Amino acid sequence: MSWTAAILTLFPEMFPGPLGQSLAGRALDADLWRCETHDLRSFGLGRHKTVDDTPCGGGAGMVMRPDVVDAALASVSRNDGASCVYLTPRGRPLTQADIRRYTAGSGVTLLCGRYEGVDERVLEARSVEQVSIGDYVLSGGETAALVLLDACVRLLPGVMGSAESGVEESFSDGLLEYPHYTRPAEWNGRAVPDVLLSGNHAAIARWRREQSERVTRERRPDLWAAHLSNTTHSSVQEGHPI
Ligand code: JAH
């Protein structure tokens with residue numbers, strides 16, 4: 001059975017959405033993965049299929065009920081060998097190491113919240129991982145789930161050709177990539193850096209390395225610090241985020 005995304009959402013029509021196009025879409029057509037939605041509304045209570053209630057302790061908005069979310073999670077049989085993930089800005093940052101772990105299993109169960117979020121007790125009771133794709137607030141977890149799935153699907157066996165299969169290693173030593181150029185050699189008065197047209201492969205490698213280090217230092221002091229500590233303590237050469 002193929003790697004399966006089981007998605008619990010109030011908006012099942014949002015899936016596969018953009019993942020029905022391009023690389024992930026061709027992989028879906030080829031049954032290299034499955035995209036299975038579970039409508040949280042169908043587990044709602046009463047005539048109105050209620051899924052939420054007011055927050056205990058007061059405050060704005062509504063919270064998704066633990067009993068409703070529990071019933072939805074219980075209905076997903078594929079939970080064995082699949083990580084269960086809740087997308088929330090309160091989660092720990094999602095990394096490429098997480099993506100690799102998810103793709104190594106049988107699939108992933110994604111809980112997409114709306115309103116102010118999900119009652120904490122069901123997340124504890126069902127050992128749901130809480131992860132964040134970045135420090136901003138979305139209107140719900142669905143678009144974050146699409147991001148997570150895009151990152152997973154491209155790593156599944158057979159999804160990328162052998163030429164592209166090394167892309168995870170395109171960041172060396174936990175650094176950001178150097179800048180890219182193609183033809184024409186001059187465009188709108190802007191030249192491609194001379195060294196890239198020199199044919200001097202050692203000089204090109206040196207220039208790219210310098211650019212990677214500069215860009216990482218300028219844009220991502222967090223990655224730069226990790227890189228420095230991982231290269232001074234030369235034992236650690238795996239477990240890089242990207
Ligand atoms: C917003 C439920 N880290 C990105 C992220 C993920 C989920 C949400 N926001 C941001 C979210 C409202 C309700 C989830």
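**Ground rules**

I number residues from 1 along each chain as its sequence is written, and my side-chain values use heavy atoms, with hydrogens and water left out. Since I am working with a predicted model, local features need pLDDT of at least 70 and side-chain atom pairs count only at pLDDT 80 or more, while totals for chains, interfaces and linings use all residues.

**Entry 1: the chain overall**

I began with secondary structure and found 7 helices and 9 strands, taking helices (H or I, at least four residues) and strands (E, at least two) as DSSP runs numbered from the N terminus. The C-alpha atoms fill a box of roughly 75 × 45 × 45 Å along the principal axes. Of the 242 residues in the chain, 38% are buried; here buried is under 20% relative accessible area, exposed is over 50%, and partly exposed lies in between, with a 1.4 Å probe and protein chains only. The chain exposes about 13800 Å², of which carbon and sulfur atoms supply 52%, the areas coming from the Shrake-Rupley method with a 1.4 Å probe, where for residues only the protein chains shown count as cover. I then looked at contacts (heavy atoms within 4.5 Å) and noted that, among those between residues at least 6 apart in sequence, 74% join residues at least 24 apart.

**Entry 2: the nonpolar cores**

Which residues touch the most other members of the largest nonpolar core? Among its 26 residues they are Trp33, Leu110, Leu148 and Leu149, where a nonpolar core is a set of buried Ala, Val, Leu, Ile, Met, Phe, Trp, Tyr and Cys residues joined through side-chain atoms within 4.5 Å. At least two residues of this core come from each of β1 (3–9), α1 (22–29), β5 (82–93), α3 (96–104), β6 (107–111) and α5 (142–153), and α5 supplies the largest share, 7 residues. Apart from this core I found another, of 18 residues, which includes Leu8, Leu40, Cys84 and Tyr86.

Leaving aside neighbours within four places in sequence, Ser2 is in contact with Asp31, Leu32, Trp33, Arg34 and Ser106.

**Entry 3: the ligand and the annotated site**

Which of the 15 residues around the ligand come nearest? I listed Tyr115, Ser132, Ile133, Gly134 and Leu138, counting a residue as near if one of its heavy atoms lies within 4 Å. The largest share of this shell, 3 residues, comes from β5. Nitrogen atoms of the ligand lie 3.1 Å from a polar backbone atom of Ile133, 3.2 Å from a backbone N or O atom of Gly134, and 3.1 Å from a backbone N or O atom of Leu138. Taken alone the ligand exposes 360 Å², and the protein buries 95% of that.

I then consulted UniProt, where an unreviewed entry places the feature "binding site" at Gly113, Ile133, Gly134, Asp135, Tyr136, Val137 and Leu138; such annotations may be inferred rather than shown by experiment, feature names are shortened, and positions are given in the numbering used here.

Gly91 is found in strand β5 and is buried at 15% relative accessible area; beyond four places in sequence, Gly91 touches Gln130, Val131 and Ser132.

Last, I checked Thr216 in helix α6 (residues 201–219), which counts as buried at 0% relative accessibility and, leaving aside neighbours within four places in sequence, is in contact with Leu175, Leu176, Pro221, Leu223 and Trp224.

Definitions and conventions
A polar contact is a pair of N or O atoms within 3.5 Å; within protein, one must be able to donate a hydrogen and the other to accept it, and residues adjacent in sequence count only if both atoms are side-chain atoms.
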